[in-house]
Amino acid sequence: MSKQYQAIRGMNDILPNESALWEGLEATVREVLTAYGYHEIRLPIVEKTELFARSIGEVTDIVEKEMYTFADRNGESLTLRPEGTAGCVRACIEHGLLHNQTQRLWYAGPMFRYEKPQKGRYRQFHQVGAEAYGMAGPDIDAELICLTARLWRRLGIPQVTLQLNSLGSSVARAAFRERLVAYFTARHTELDEDSRRRLQTNPLRILDSKNPALRAVLAEAPSLLEHLDPESQAHFDELRALLDSAGLAYEINPRLVRGLDYYCKTVFEWVTDTLGAQGTICAGGRYDGLIEQLGGQAVSGVGFALGLERLVAMLAAAGQPGADANPHAYLIMVGEAAQRRGLALAEWLRDRLPALRLRMHCGGGGFKAQFRRADHSGARFALIMGEDEVRAGAVAIKPLRDAQGEQLTLSHDQAASHLRAALDSTP
Ligand code: HAM
């Protein structure tokens with residue numbers, strides 16, 4: 001068959017055989033967020049371009065090179081959201097959710113970045129984000145980090161490491177930036193082209209370079225952590241004490257600077273070496289100045305986002321099956337009378353057993369062909385209706401997975417009880 005149309009590069013279909021893993025993951029994430037008191041906020045996928053430019057930063061990779069930006073029919077510049085924090089802050093200011101109150105919010109959905117696609121890095125990808133507002137101390141930073149750690153335990157993915165850093169206040173960072181520019185300018189012959197460009201625009205990002213040729217010049221670079229303002233230092237010390245007391249291990253990474261400009265104080269990433277180059281499965285930090293910068297009150301913000309494609313890849317590699325979506329029962333109907341009676345029986349069973357996953361055979365065919373379908377479906381039982389069963393007001397139940405079980409002919413009521421007992425005994 002010709003494949004005239006293909007999905008856009010870097011934008012993936014999530015196929016039915018993959019969706020069980022996604023659903024299981026999303027359900028666990030939702031459960032853990034709810035348990036910590038987070039409420040869902042649903043946000044538009046498109047926002048004004050200016051919102052992202054002002055919050056993420058004009059000279060970041062995302063804003064400079066990666067946004068899907070277009071003019072709408074009125075000539076207004078709009079952008080497919082590259083991340084969720086900016087839209088969440090916009091919505092909270094717009095709806096007055098930040099006046100004299102704290103908020104714990106979460107959102108989920110597709111994000112869009114025009115990056116070079118590779119394993120774990122896509123142009124449409126999915127995040128679940130959490131944002132907490134109105135809490136200035138390190139307690140909420142610690143709680144958010146504990147929440148993510150609990151999530152890894154619940155998901156059964158132990159191979160992750162927490163990296164932690166503090167970027168300090170914007171004033172302290174500006175002073176540090178000057179020192180850094182002086183240092184890198186003095187050694188500019190050792191920099192690569194990308195870093196030379198960043199020296200003019202975003203020198204902190206040089207610290208985050210993965211180019212091995214820069215190892216020596218980076219190793220001797222001034223450290224952010226030695227230039228923290230006293231308030232950020234105290235915040236960081238207390239965060240560390242809280243994580244220590246919760247028994248949560250972390251690595252201090254003084255070069256962790258993040259690719260978005262809105263952060264201050266705490267930044268963190270959860271990384272794994274099981275996914276190759278794209279090993280960050282969750283990242284976040286504090287962004288106290290952003291709400292004011294976008295026109296709101298001076299309210300603190302802190303949060304993180306998980307990369308769902310990367311988590312799904314980890315779960316798949318660990319051989320996790322995801323939620324079981326196979327039918328419990330497959331209804332086979334042979335003959336015209338049975339087909340008519342069968343639909344009524346299926347609806348009757350669904351009324352009584354809302355949790356029953358019942359697949360009714362459609363499209364006709366003989367017993368053998370239908371039975372083969374039933375077997376392929378992964379169902380535990382075949383429900384069989386032929387002329388005899390119609391006449392007797394009965395249905396036959398044949399276990400498909402249990403070699404010992406024999407076929408029974410039951411009344412409709414008995415069949416419902418039989419299926420209920422089987423559902424109740426399923427873990
Ligand atoms: P981010 O580090 O840009 O932060 O993205 C968070 C996570 O999304 C990454 O750690 C990664 O797992 C996933 N991710 C990012 N880009 C891609 C991609 N192209 N393909 C697949 N996965 C990707 C933010 O977006 C911030 N808004 C996080 C935040 C929330 N900070 C505070 N609150």
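How do the residues of the shell around the ligand divide into nonpolar, polar and charged? In this predicted model, local features require pLDDT of at least 70 and side-chain atom pairs pLDDT 80 or more, whereas totals for chains, interfaces and linings use all residues. Residues are numbered from 1 along each chain as its sequence is written, and side-chain values use heavy atoms, with hydrogens and water left out.

The shell comprises 11 nonpolar, eight polar and seven charged residues, where Ala, Val, Leu, Ile, Met, Phe, Trp, Tyr, Cys and Pro count as nonpolar, Asp, Glu, Lys and Arg as charged, and the others, Gly among them, as polar. Of these 26 residues around the ligand, Glu 83, Glu 115, Glu 131, Tyr 263 and Thr 280 come nearest; a residue is near if one of its heavy atoms lies within 4 Å.

A ligand nitrogen atom lies 2.9 Å from a side-chain N or O atom of Thr 85, and a nitrogen atom of the ligand is 2.8 Å from a polar backbone atom of Tyr 122. An oxygen atom of the ligand is 2.9 Å from a polar side-chain atom of Arg 258. The protein covers 96% of the 650 Å² of accessible area that the ligand has on its own (Shrake-Rupley method, 1.4 Å probe).

Arg 258 belongs to the loop between β8 (251-252) and β9 (264-271), strands being DSSP runs (E, at least two residues). The phi of Arg 258 is positive, near 70 degrees, and the residue counts as buried at 11% relative accessibility (under 20% relative accessible area, 1.4 Å probe, protein chains only).

Notes: A polar contact is a pair of N or O atoms within 3.5 Å; within protein, one must be able to donate a hydrogen and the other to accept it, and residues adjacent in sequence count only if both atoms are side-chain atoms. Helices (H or I, at least four residues) and strands (E, at least two) are DSSP runs, numbered from the N terminus. Buried means under 20% relative accessible area, exposed over 50%, partly exposed in between (1.4 Å probe, protein chains only).
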